[in-house]
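Please look over the structure below.

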Amino acid sequence: KFEKQIRDEFEGSDHLANFVSELREYTNNIAGKKSRIDRAFEDLVGRRIYGIADKARQQVSANMIGANVGSAMTSFIPLTQSAATTSKAAFVKGMLQTIANVGVDDQFIKKSDFLTRRIGSEKLVKTWWQKTQDAGYWLFKTIDNFTSQVVVRGKYLEGLEKGLNEQEAIKRADDWAARVMADRTVGSMPTLFNARSLNIFTQFQLEVNNQLSFIFKDIPRNYDKVGAASALAQVILYGYAFNNLYENVV
């Protein structure tokens, strides 16, 4: 009955035409099932060829990131966006707290769902090859952990400054950090990025897509015209400064 009413209401409309299809794809991704693109590719080339191609993709990705100083340093980029959209005092204080946390763990990571997803989990059992890869990822993970903590801590402290209670402040900080930094946890990425068959084109584009979305959608939606103009100008300024520093260092 309700389905008929819905169909009668929206018959002939193309509004959200792909919503059901995308919702099904999204729930399949969360359930750990292959994407529809991967299933089609596997049907086309066979499971064995698909498996070989996927292993090759994973290894190429690992080789391009592991022990790559230039790649690791790009993990500092979200700091430019965070500094542009966070109280400067809170941002600096968040950075100092992150540095201090290296020596004495203040348990802040456990308070944050975003940081727990990003930092607070490891495989219990690893092969010798996985341990070797981890060694190559050390610099990348170290910089990413530092950056993600600064982003969350800065926004959290800003929330407290504005009178939010601790729970509201941490929730707001987690949400903002997920917008500033591309969240690669299950269910957080656009469905297209879950298609392994397309990873040759998409595996290093999530952060690019996220940065453009942050600049052109999140900033305008969360600030008035003056605030948005100021934030965008700062993003450009800090990005320019970082690019020059990155070029000279690398």
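## Ala67 and its loop

Ala67 sits in the loop that runs between helix H4 (47–65) and helix H5 (69–73). The model is predicted. Ala67 is not a glycine, yet its phi is positive, at about 60 degrees. Its relative accessibility is 64%, so Ala67 counts as exposed; the cut-off for exposed is over 50%.

Is Gln107 buried, exposed or partly exposed? Its relative accessibility is 35%, so Gln107 counts as partly exposed.

Helix H7 covers residues 88–103, and Asn101 is part of it. Asn101 has 10% relative accessibility and therefore counts as buried. Which residues does Asn101 contact, leaving aside neighbours within four places in sequence? They are Asp106, Gln107, Gln149 and Arg153.

At 2% relative accessibility, Thr98 counts as buried. Not counting residues up to four places away in sequence, Thr98 touches Phe146, Gln149, Val150 and Arg153.

## Helix H11 against helix H12

Helix H11 spans residues 138–161 and helix H12 spans residues 166–180. Their axes are 8 Å apart, and the packing angle is about 140 degrees. H11 and H12 are therefore oblique to each other. An angle over 145 degrees would count as roughly antiparallel. The crossing of H11 and H12 is right-handed.

On the H11 side, the contact is made by Val151, Val152, Lys155, Tyr156, Glu158, Gly159 and Leu160. H12 contributes Glu166, Ala169, Ile170, Arg172, Ala173, Asp174, Trp176, Ala177 and Val180. What classes do the residues of this contact fall into? The contact of H11 with H12 has 10 nonpolar, 1 polar and 5 charged residues.

## Helix H12 against helix H14

H12 also packs against H14. The axes of H12 and H14 come within 9 Å, crossing at roughly 135 degrees. That angle makes H12 oblique to H14. From H12, the contact uses Trp176, Ala178, Arg179 and Val180. From H14, it uses Asn210, Phe214, Asp218 and Asn222. By class, the contact of H12 with H14 divides into 4 nonpolar, 2 polar and 2 charged residues.

Trp176 and Val180 take part in the contact of H12 with H14. Both are also listed in the contact of H11 with H12.

## The Trp176 and Phe214 rings

A pair of aromatic rings is described by the distance of the centres and the angle of the planes. The model holds 5 aromatic pairs. In one of them, the ring centres of Trp176 and Phe214 are 5.4 Å apart, with the planes at 65 degrees, so the pair is edge-to-face. The cut-off for edge-to-face is over 60 degrees.

Which parts of the chain does the pair link? Trp176 belongs to helix H12, and Phe214 belongs to helix H14 (residues 206–222). The two residues are 38 residues apart, and the pair links distant parts of the chain. Trp176 and Phe214 are both buried.

## Asn199 in helix H13

Asn199 is in helix H13, which covers residues 199–202. Its relative accessibility is 9%, so Asn199 counts as buried. Asn199 touches Arg57 and Phe193, not counting residues up to four places away in sequence.

How far apart are the C-alpha atoms of Asn199 and Ala173? They are separated by 30 Å, with the two residues 26 residues apart along the chain. Ala173 is one of the H12 residues in the contact with H11.

## Arg221 in helix H14

Arg221 lies in helix H14. At 66% relative accessibility, Arg221 counts as exposed. Arg221 and Leu115 are 106 residues apart in sequence. In space, C-alpha to C-alpha, Arg221 and Leu115 are 24 Å apart.

Methods:
Residues numbered from 1 in each chain as written. Predicted model: local features only at pLDDT ≥ 70, side-chain atom pairs only at ≥ 80, totals over all residues. Heavy atoms only, no water. Axes fitted to C-alpha atoms, helices over the stretch in contact; angles between N-to-C directions. Helix = DSSP H or I, 4+ residues; strand = E, 2+ residues; numbered from the N terminus. Parallel < 35°, antiparallel > 145°, perpendicular 65-115°, else oblique. Left-handed = near helix turned anticlockwise from the far one by under 90°. Contact = heavy atoms within 4.5 Å. Nonpolar A, V, L, I, M, F, W, Y, C, P; charged D, E, K, R; others polar. Phe/Tyr/Trp six-rings, centres within 6.5 Å; stacked < 30°, edge-to-face > 60°. Buried < 20%, exposed > 50% of the residue type's maximum accessible area, 1.4 Å probe, protein only.
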